[in-house]
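Subject: Handing over the structure

Dear colleague,

I am passing on a structure to you together with the notes I made while going through it. Please keep the view open while you read, and look up each residue as it comes.

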Amino acid sequence: ARLIPAPGPLKGRHILVTSGPTREPIDPVRYIANHSSGKQGHAIAAAAAALGARVTLVSGPVRLPDPAGVEVVRVETARDMLKACEAALPADAAVFAAAVADWRVARDADHKIKKTGEGPPALVLVENPDILATIARGPRRPAVVVGFAAETCHVIDHAKAKLARKGCDLIVANDVSPETGVMGGDRNRIHLISTSGVESWPELSKDEVATCLVARIAKRLARGEP
Ligand code: CTP
Ligand code: CA
């Protein structure tokens with residue numbers, strides 16, 4: 001813990017950030033997950049701390065060091081991520097950068113599922129809670145709520161639809177097609193979408209994207225607008 005808070009535009013603010021994938025168990029040895037590295041979410045948490053915020057980073061399983069000066073809560077499943085986020089409220093702003101698994105198996109087996117000779121098991125999937133939408137529409141909504149939209153086609157149209165559907169103030173949209181190298185890579189090309197329009201940023205490092213995004217959030221908080 002840092003004893004003397006760094007001065008900065010986010011001093012006295014609490015920022016919640018989600019990062020990484022979630023991992024949904026199928027049985028004790030198998031799970032559903034995705035390729036998220038957590039790099040962008042962790043960089044946002046670090047950038048917010050660097051501007052003086054108190055930061056809670058709720059992270060799925062990633063191979064990254066904890067950012068300096070950030071309180072890290074490690075979770076595995078989407079349901080645990082939602083609980084950890086709700087426990088971290090109130091917050092002045094929240095950035096939902098995690099790649100939450102959309103589905104989990106309806107009932108995970110308590111023993112390893114074995115081959116039976118009668119073909120593969122039928123896995124019944126159910127939808128996970130939407131963490132961003134739950135918090136953005138909840139009673140303790142942070143003043144500034146930022147979502148991500150990871151798309152492989154029609155990036156801006158899908159992202160605009162998400163902005164409206166989820167009730168957030170900003171959407172960071174990016175193309176995560178394998179050939180872009182964004183998932184797992186160190187660079188990102190984003191479109192920042194708000195109700196007032198679309199801003200397309202040049203390709204930047206994930207650290208640069210984090211710094212610029214957090215500066216935007218600080219400006220919105222300072223103006224007292226969402
Ligand atoms: N998100 C979330 N909880 C979920 C799913 C998504 O909090 N269960 C958040 C992500 O962290 C991201 C935003 O919602 O900030 C959009 O995630 P994305 O996967 O792009 O959108 P979905 O609504 O899941 O739609 P789809 O995957 O079908 O495109
Ligand atoms: Ca999704």
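Predicted model: local features only at pLDDT ≥ 70, side-chain atom pairs only at ≥ 80, totals over all residues.

Residues are numbered from 1 along each chain as its sequence is written, chains are lettered from A and ligands numbered from 1 in the order in which they are written, and side-chain values use heavy atoms, with hydrogens and water left out.

**Helix α4**

Helices and strands are DSSP runs numbered from the N terminus, where a helix is H or I with at least four residues and a strand is E with at least two. Helix α4 covers residues 155–166, which makes 12 residues, and the distance from its first C-alpha to its last is 16 Å, close to the 16 Å expected at 1.5 Å a residue (the expected span is 1.5 Å times one less than the number of residues). Its buried residues are Val155, Ala159, Lys162, Leu163 and Lys166, where buried means under 20% relative accessible area, exposed means over 50%, and partly exposed is in between, with a 1.4 Å probe and protein chains only. Seen down the axis of α4, these buried residues fall within an arc of 105 degrees, so they line one face of the helix; the arc is that of the directions from the helix axis to the C-beta atoms. An α-helix has 3.6 residues a turn, so residues three or four places apart point the same way. On the other side of α4, Asp157, Ala164 and Arg165 are exposed.

The buried residues of α4 pack against α3 (131–136), β9 (144–151), β10 (170–175) and β12 (190–194), with contact meaning heavy atoms within 4.5 Å. Just after the helix comes glycine 167, which has a positive phi of about 70 degrees. In the loop between β9 and α4 you will find histidine 154, which has a positive phi of about 45 degrees although it is not a glycine, and which is exposed with a relative accessible area of 58%.

**Ligand 1**

A polar side-chain atom of lysine 166 lies 2.7 Å from an oxygen atom of ligand 1, a polar backbone atom of phenylalanine 148 is 2.8 Å from an oxygen atom of the ligand, and an N or O atom in the side chain of aspartate 102 is 3.0 Å from an oxygen atom of the ligand. Taken alone, ligand 1 exposes 570 Å², and the protein buries 79% of that, with areas from the Shrake-Rupley method and a 1.4 Å probe.

**Helix α5**

Helix α5 runs over residues 206–223, and its 18 residues should span 26 Å at 1.5 Å a residue, which agrees with the 26 Å between its end C-alpha atoms. Its buried residues, among them Lys206, Val209 and Leu213, fall within an arc of 165 degrees seen down the axis, so they line one face of this helix. On the other side of α5, Ala222 and Arg223 are exposed, and the helix is followed by glycine 224, whose phi is positive, near 70 degrees.

**Single residues**

Asparagine 188 has its place in strand β11 (residues 187–188) and is buried, with a relative accessible area of 2%. Its side chain makes a polar contact of 3.1 Å with the side chain of asparagine 174, where a polar contact is a pair of N or O atoms within 3.5 Å; within protein, one must be able to donate a hydrogen and the other to accept it, and residues adjacent in sequence count only if both atoms are side-chain atoms.

Serine 177, in the loop between β10 and β11, counts as buried at 7% relative accessibility. A polar contact of 2.6 Å joins the side chains of serine 177 and aspartate 175, and the side chain of serine 177 also reaches the backbone oxygen of threonine 152 at 3.4 Å.

Lastly, a cis peptide bond with omega of about 5 degrees joins leucine 89 and proline 90, and proline 90 is found in the loop between α2 (78–88) and β6 (93–96).
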